[in-house]
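Please read these notes with the model open beside you.

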Amino acid sequence: MADKMAIVVFSGSVDRLLGMSILASSAAAMDWEVDIFLQLWGVYAFKKDVMKENMNFSEFEELKDAVVKRIQELNFPMWYDILKQGKETGNIHIYACSTAAKAWNVTKDDLEMVDDLMEAGEFIEKVRDAKLSFFI
Amino acid sequence: MSMSPDELKNLKPDKVVDARGTSCPGPLLEAKRNIGQVPVGGVMEVLSSDATTVRNLQAWAKKVGHEYLGHIEEAGYYRIFVRRKK
């Protein structure tokens with residue numbers, strides 16, 4: 001049985017999403033099974049009309065422009081491209097909290113890369129054997 | 001067991017993956033994406049600008065069941081060799 005990683009994504013900030021996508025994609029490349037549960041701002045950040053426009057940073061806001069410039073200089077991919085590559089080559093499943101989806105008035109089809117809507121209890125049971133779990 | 005630099009230089013890789021210019025997790029994702037194109041028993045060579053990729057791919061090979069053969073340090077980049085085992 002594959003090692004399992006669980007990630008709960010509450011934040012919609014791109015700096016946190018970048019950290020999340022690096023962990024999730026690396027784990028998937030190492031043959032881990034990764035289950036991601038999106039909550040409030042996480043669901044918002046995965047909206048098709050938001051994902052590429054979102055430049056919200058959670059920390060050191062005053063450094064945002066310099067960080068973005070440096071990331072562009074390094075030709076570093078955006079967080080969603082890293083996650084997409086991980087999902088294409090590995091075992092990553094992304095579930096959106098059904099209540100958050102209701103709050104944003106979206107269905108699965110309005111969200112990028114999301115496999116399904118889910119309630120918290122089902123997700124908790126799904127990841128009960130996870131060896132590593134993160135809350136972002 | 002790791003091979004000597006001379007043995008590594010004489011290897012004829014079945015696939016060379018150039019991940020230079022990318023940062024973590026780029027080289028790892030490229031390794032994962034390309035290993036399927038290497039026949040079982042064949043060798044993949046990954047090029048990376050980052051020294052940290054050497055240990056990362058070593059850990060990857062151990063975890064997913066391939067054989068890390070070693071690396072060669074060139075000017076400004078690393079050549080990392082992995083044998084596909086399954």
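1. Contact here means heavy atoms within 4.5 Å. On that basis, and leaving aside neighbours within four places in sequence, A:Leu83 is in contact with A:Met20, A:Ser21, A:Ala24, A:Ser25, A:Ile36, A:Phe46, A:Ile92, A:Ile94 and A:Met113.

2. A word on the basis of these notes: this is a predicted model, in which local features need pLDDT of at least 70 and side-chain atom pairs count only at pLDDT 80 or more, while totals for chains, interfaces and linings use all residues. Residues are numbered from 1 along each chain as its sequence is written, chains are lettered from A and ligands numbered from 1 in the order in which they are written, and side-chain values use heavy atoms, with hydrogens and water left out.

3. A nonpolar core is a set of buried Ala, Val, Leu, Ile, Met, Phe, Trp, Tyr and Cys residues joined through side-chain atoms within 4.5 Å, where buried means under 20% relative accessible area, exposed over 50%, and partly exposed in between (1.4 Å probe, protein chains only). The largest such core has 63 residues, and those with the most contacts inside it are A:Met20, A:Ile36, A:Phe46, A:Trp79, A:Leu83 and B:Trp60. Its largest share, eight residues, comes from helix H1 of chain A, residues 14-29. Apart from this core lies another, of six residues, among them B:Leu11 and B:Phe81.

4. Helices (H or I, at least four residues) and strands (E, at least two) are DSSP runs, numbered from the N terminus. H1(A) has 16 residues and reaches 22 Å from its first C-alpha to its last, close to the 22 Å expected at 1.5 Å a residue, the expected span being 1.5 Å times one less than the number of residues. Buried residues of H1(A) include A:Leu17, A:Met20 and A:Ala24, and just after the helix A:Asp31 takes a positive phi of about 70°.

5. A salt bridge is a side-chain nitrogen of Lys or Arg within 4 Å of a carboxyl oxygen of Asp or Glu, and the structure holds 17 of them over all chains. A:Lys131 forms one with A:Asp3, the closest N and O atoms being 2.7 Å apart, and this pair links parts of the chain 128 residues apart. A:Lys131 counts as exposed because its relative accessibility is 59%, whereas A:Asp3, at 15%, is buried.

6. A:Asp3 also meets B:Lys63 in a salt bridge (3.3 Å, N to O), a pair that crosses between chains and reaches helix H3 (residues 52-64) of chain B.
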